[in-house]
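User: Hi! I'm new to this one and would like a quick tour. Could you show it to me?

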Amino acid sequence: MSQVEKKAGLLRRTSSSKKPLKEKVVLMYDEIFAKEDPAKHNSRFWDELFLMKVNLEYLESKLETVDGEEVQRIQDNINSLFHHCVQALGEEHQIKVVNALQTLCALFRGVHQKNKSASGFDIINMLMGFDKAEQRMKDLMERLDSLLCGDGSESLKSLCLKLLLCLVTVTDNISQNTILEYVMINSIFEAILQILSDVSSRGQHGYDAVVLLALLVNYRKYESVNPYIVKLSIVDDEPTLDGMGMVVHQALTEYNRQYKDKEEENQGGFFSTLTSMVGSMFIADADEKLSVQTNEAILLALYEAVHLNRNFITVLAQSHPEMDIAATPMTPTPTTPTTPLGTTPPSLDMMNNPELPLDPNLLTSNLLITFLKYASIVMQDTKDEHRLNSARLCLIILTCIAEDQYADAFLHDDNMNFRVNLHKMPMRHRKKAVDKNIPSRPLVCAVLDLMVEFIVTHMMKDFPMDLYLRCVQIIHKLLCYQKKCRIRLHYTWRELWSALINLLKFLLSNETTLLAKHNIFHLALLVVNLFNMFITYGDTFLPTSNSYDELYYEIVRMHQVFDNLYCMVLRVSTNTGQWKEAASKVTHALVNVRAIINHFNPKIESYAAVNHISQLSEEQVLEVVRSNYDTLTLKLQDGLDQFERYSEQPKEAAFFKELVRSISLNVRKNVSLNTLSQDVLLKEFSTIS
Amino acid sequence: MEDTELEVSPTPSDQNSPSPSSSPSLSLPSTPSSSCAPPPAATPPLGVISEGVAELSLFIDAEVAQRACQEVLQKVKLQQVEGDVPSQHSGAKPVPNSPPVALTASGKPMKIREQEDDPEGLAPGSVKSARRRQRHNPSKQSWLLRLFESKLFDVSMAISYLHNSKEPGVQAYIGNRLFSFPHEEVDFYLPQLLNMYIHMDEDVGDAIKPYVVHRCRQSISFSLMCAWLLGAYSSDMHISTQRHSRGTKLRKLILSDELKPAGSRAHRDPLTFSLIPFCPTSSPATGPGPLGGDHGLSPSKRTHQRSKSDATVSISLSSNLKRTASNPKVESSQDEVTVRIIISTPVRLAPQREFIKSLMGIGKRLATLPTKEQKTQRLISELSLLNHKLPARVWLPTAAFDHHVVRVPHTQAVVLNSKDKAPYLIYVEVLECDNFETSSVPIRIPENRIRSTRSVENLPDCGMTAEQRAGSFSMVPNYDNDDEAWSVDDIGELQVELPEVHTNSCDNISQFSVDSITSLESKDPVFIAAGDIRRRLSEQLAQAPTTFKRDPEDPSAVALKEPWEEKVRRIREGSPYGHLPNWRLLSVIVKCGDDLRQELLAFQVLQQLKSIWEQERVPLWIKPYKILVLSSDSGMIEPVVNAVSLHQVKKQSQLSLLDYLLQEHGAPTTEAFLSAQRNFVQSCAGYSLICYLLQVKDRHNGNILLDAEGHIIHIDFGFILSSSPKNLGFETSAFKLTTEFVDVMGGPEGDMFNYYKMLMLQGLIAARKHMDRVLQIVEIMQQGSQLPCFHGSSTMRGLKERFHMSLTEEQLQLLIDQLVDGSMRSLTTKLYDGFQYLTNGIM
């Protein structure tokens, strides 16, 4: 047997090298590209074709070489090839199904590559013929659906998904892919859900299914009603949503793990921190970028789920033990036998397979924690375009999360404490934090840490204004929730305050360069209003009365920054110019901060004078602050606890269009790589049948 | 003096020879067991009664049972007249020559068994002698009959006679009488009944079995309770005998789910039970527990009930269908499964058993984790997985009402302090229902649905009645019609969100600062004083009820300190089921790896003493907490709400007990403090007596709770009666009475301290009066038990002596004084606390 195989292999190799000996299948392709109906002389032509191993390259290149006039001639044959492909999908013989799937792949790709500029309708006409297109696509989608949902081979399902991914990504701009209109009409949403809800199929095809879903949701998102959006937004089946979460969780975990491995690798030597910093920027970038890029699709899926589906929020907090990629997924299958009493027997399968591995070293984790860790890695370096996009998407997702009541509830849940090891960029002036000593805290602390970390580490010439705005808004939304629900979070707010003040300082010192590109007053206003939140509503959410004193201490200590800011905005607002209005808003917002500074500074100075101390200690300043509250009057500002809710349309539309384009390109590249390895698959079937 | 005492509480079980002096009139009122004398000892009535038993196994119904009882009594009375002659016969030549009619199948082997099985080696002669005594004392039997018929004959007496009587007739009669008692009353003695079933001779078993089987058919929860207890109390037997024991067999029968209301079968041939008058069930020839004939013999009455439950099943099925309509493909496969199983035999007990099993599984897995923090995290994640399976037809057996468990708020669960095991406390959300067996299981509401309900929840519901509230909740949109609610337009809106709408609708109205509301209304600048903000902050922080600091090493302290009402409110707010009017919160401690049988015994004794004290109107306060024994090494405990341990109090507050009470309740003269002090004294007196009577040991501060009203509550009855920890000889004092306790009572000279002693005296007198009701609970459980509390031979004698029957009230008072003084001065209490501090870090 093996000898025969070897021989066949040898034969094939030689045949491909020597031109004159053409494969049978190639000959048959040639027949299709001839004028005549190939079945005319050989009635079993199509049957035979699908028994042949597909030669993707040849078929694709053949399609590409066909030029305008020829198209007209052979259109009938191509239509009929497409038709027979679809029919072959219903065959019992699995080899035929595999070949038909691959042929379809080649058809879609070849036709599109040739006709990049052609309108979608021409392509449809060429592939299926206008009059029959609807019926053909309906058949195709139905066949694919039944293949995906059936009990058939897993490899076959995988191939189906590959075909769909291939179809979805044939154009750079997904919205220009007119064939997808038929995919909208003939929904395969349910099939995707089924794959996600089942443990075993999720393990094998979950990634593809999630990516496919994310892409389909983005088809003509803003122009028309996309049924996938509608359907995704109403899914409430927990196993399915959980499944989706698990796929995202696994992909992000895998990335985090790889990153950590690499980091540890780099940390071997003496000047490790230095080299790793340099190294990660220049050397190791090549393959790492790739995975950030690949994860764009996963992040997009996470975003769509969080943004569209109210029920998905719960999945974020669903606890799982931290796992390696190989670990079996553990969400219960929906096919759990139900008792006659009409309910699922509790935890039947939970007991049957000890799902949670019993390793005491495993930390419990959930999707949100993994996501935060991932975000902390991605946000470290935003110079590269893909990383910038990922960081932006991470912040958008966090914005959606911060706006969600339920998400806020578990972020602030005092009983759900976790240790979250965020990755911090190694910097000259600070040591790398020791991972082990992070206390177990509510998750919102990790979110705040991440925001503070971002604020501190991205004050650079090429200022990521957009990310900063999102960052400050996320903090604001969290504060609004805490104020509303009177949650007194035990967080070291001081770190946040000093980060924000430093940010203001940076804006001031780089005023001219930044103003050329950005409206820095908007950001300054948001930052000052965060302080106003603390000043006016601190009573509702600060953890101790001391922390309110510390707030004043911090403001008074850094009064120079606020003074300078006031001077600057006053200057700009008195001049006429495009920033006049924006700057004057900041002057108004500063009223309380200035009142505090003007009230306490003289008091502190006189205290120093009276007691003959040149340098007051913190405790002494706090004492002065405490004893002089009563003579200070503040102005209540409107709308401090209001925020603009996130909306994708129109602001973010351009970003998402570009993102989807980038994802499409990436997926297309990877799918084409993968389809070649389907030989293995073919062998599997040939031995079975 | 002597006379009255005798009348009030004669010591029965000890006096094997009935004193001729005790006149019949004395034995009537409150003495359950004046002797072990069986009343209708004669063989003919015995035959009649055994026939009654046979009947009963067919007509298992309370009314029928009652009738049977009366019939039996009638016959017994009739034969009483001529009873002397045959009894003389049987007494003279016991086994072989007795009249064939009299010695029915059940009579003969009984005696043989007595020779073989009786643990105390009771010779047949003693039976004879007992009968001979009866002959001398014929009037006694009629009095006994009158007692059995009288209104005063309660479950306690029935259990006592069942235990003490050696006469199958009496046992069988009482077995029948069990049917006529209210279920709840018998349920209290279920451990006793089942322990007798397991460890006593066959006649007792045969007497008890029909009742147990009957109740098992009626109720799933009773079935499971029996199965668990049978398993637990059989575990002390030797492994080889255990496998073939009656208890194990009955347990298997129950768990095999054969004992369902077999309506359809009885319906098919309704003549079965009337045509076959006697089936081998009660025949001893088939050995103990011949269960083959049992199923299929239940009355046809059940059919109706059965069909009803089928109907509800279909209802809940359809609701299941509706629930996840969004995913039709997944759904259809699920439904097929459901339908298929419905056609096959329903599994009544499976959901609950699985539920319990998974709770125990969690406990086992937690025990392998090294730190509290890891345990807590694991617990939370395990429970969140468990949540996926809820709601289901499962319930907490410790609850007092019927319900279905709908959700476990997993983030609220805490791991309790224990060295090597991992007991944990969970809160469980349930929906109250009429009958958990027949009511349909609630529909699952996904977790995040609270957001929409919350706005309704937040409406001021002051003065709303339950109906009004229910009405208002009906306004909550029906979530099942998701597809309608989320039409395409909604999605459009979701994408193009108008900022104004949302900013207005969300958080702009500050809930807490009135100033901000006014600022919205007027355009004039509003000024606030910074001092006010600062003051508000410190006031609100001070106002907040004293909470304990979160300590990863003691996660339970915070959870237990939070007032129960507040916790309920908080969890209700966060629950998707919280808006339902029948929503309730329960809590339970899951213990895995601990034997709770002693706890159960202690619970029963406490409960008994409590009702005795209530009956005698002695204001002693104790809090028996419910115990569920699941096996000999696992179980559940009903937590005492609003209570933290003295250890936690001291560690967290760093105050003395008195100062802590002052901090919690107010100055010494305030009403709040005084009532807390009174509660403290009443509970202290109660538990002092309990500790003395039961010899409760291991009384460190971790095992004494203090509740929000000032009561102390003792927990952990792991060392009672004959057992004490490590036998180090600590804790020789009668009970724990530290100077701190005395300080709370206002010092050793104070009025409250005298009140304390007086309460103890009254309590002891009352307990002494009903001593039998207490003794009987313990004595029956001693049968066949290897529990350390029964170690040694003097357990019962010691317990009985501690009631001091022989002392006068004056002497008793002296005794109390001595006990109190001794405990106060006891060095060992202090020593023991120091020992605990050193070894376990308990303050």
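Analyst: Happy to; we'll start with the whole chain and then look at a few local details. Keep in mind that this is a predicted model.

User: Thanks! How many helices and strands does chain A have?

Analyst: Chain A has 33 helices and 5 strands.

User: And what share of the residues is buried?

Analyst: Of the 689 residues in chain A, 61% are buried. The accessible surface of the chain is about 27900 Å², and carbon and sulfur atoms account for 53% of that area.

User: What about contacts along the sequence?

Analyst: Taking the contacts in chain A between residues at least 6 apart in sequence, 79% join residues at least 24 apart.

User: Okay, let's zoom in. What is the span of helix α9 in chain A?

Analyst: Helix α9 of chain A covers residues 154–168, which is 15 residues. From first C-alpha to last it reaches 21 Å, close to the expected 21 Å.

User: Is α9(A) mostly covered or mostly exposed?

Analyst: Mostly covered: 14 of the 15 residues in α9(A) are buried.

User: Which residue caps its N-terminal end?

Analyst: Ser153(A) caps the N-terminal end of α9(A). One of its side-chain oxygens lies 3.0 Å from the backbone nitrogen of Ser155(A).

User: Nice. Switching topic: where is Thr314(A)?

Analyst: Thr314(A) sits in helix α17 of chain A, residues 312–317.

User: Why does Thr314(A) count as buried?

Analyst: Because its relative accessibility is 10%, and buried means under 20%.

User: What does its side chain lie beside?

Analyst: A polar atom of the Thr314(A) side chain is 2.6 Å from the backbone oxygen of Asn311(A).

Terms used: Residues are numbered from 1 along each chain as its sequence is written. Chains are lettered from A and ligands numbered from 1 in the order in which they are written. This is a predicted model: local features need pLDDT of at least 70, side-chain atom pairs count only at pLDDT 80 or more; totals for chains, interfaces and linings use all residues. Side-chain values use heavy atoms; hydrogens and water are left out. Helices (H or I, at least four residues) and strands (E, at least two) are DSSP runs, numbered from the N terminus. Buried means under 20% relative accessible area, exposed over 50%, partly exposed in between (1.4 Å probe, protein chains only). Contact means heavy atoms within 4.5 Å. Accessible areas come from the Shrake-Rupley method with a 1.4 Å probe; for residues, only the protein chains shown count as cover. The expected span of a helix is 1.5 Å times one less than its number of residues. A polar contact is a pair of N or O atoms within 3.5 Å; within protein, one must be able to donate a hydrogen and the other to accept it, and residues adjacent in sequence count only if both atoms are side-chain atoms.
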